[in-house]
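Colleague: I have a few labels to check with you. Please show me the model, and then we can go through them.

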Amino acid sequence: MSALTIIANPTAGGGSARRKIPLLQALVQQAGLDAQVLITERRGHAIALAQQAACAGTPLVVAAGGDGTVNEVINGLV
């Protein structure tokens, strides 16, 4: 279990987020965070990823994307 799970949507921002995910992953690694970056693959995937993180006992889950990503992550946590 990681202390932090970041759920990133590569299609956010009209697809511009896809270019930023490697930077996010590098920053997490450079900072030495006990974190995992999970990338969504389809609509609804963030719900499943958030549920898995919660069931694994991850204390902090972050949505990296737009309104839809935030909505899915919240629904997965609830």
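Colleague: R42 and E41: buried or exposed?

Modeller: Both R42 and E41 are exposed. The label exposed needs over 50% relative accessible area, buried is under 20%, and partly exposed is in between, with a 1.4 Å probe and protein chains only. One caution on sources: this is a predicted model, where local features need pLDDT of at least 70, side-chain atom pairs count only at pLDDT 80 or more, and totals for chains, interfaces and linings use all residues. Residues are numbered from 1 along each chain as its sequence is written, and side-chain values use heavy atoms, with hydrogens and water left out.

Colleague: Why is the pair R42 and E41 called a salt bridge?

Modeller: A salt bridge needs a side-chain nitrogen of Lys or Arg within 4 Å of a carboxyl oxygen of Asp or Glu. The closest N and O atoms of R42 and E41 are 3.8 Å apart, so the pair qualifies. A search of the whole structure finds one salt bridge.

Colleague: What is the nearest side chain of opposite charge to E72, and how far away is it?

Modeller: That is R43, 5.7 Å away. Lys and Arg count as positive and Asp and Glu as negative, while His and the chain ends are not counted. E72 is buried yet has no salt bridge.

Colleague: Which residues is E72 in contact with, leaving aside its neighbours within four places in sequence?

Modeller: They are R43, G44, H45, A46 and I47. Contact means heavy atoms within 4.5 Å. E72 itself sits in helix α3, residues 67-77.

Colleague: How do you know that the radius of gyration agrees with a compact globule?

Modeller: The radius is taken over C-alpha atoms, and the globule rule is 2.2 Å times the number of residues to the power 0.38. For 78 residues a compact globule would be near 12 Å; the chain has 12 Å, so the two agree. Buried residues make up 33% of the 78.

Notes. Helix = DSSP H or I, 4+ residues; strand = E, 2+ residues; numbered from the N terminus.
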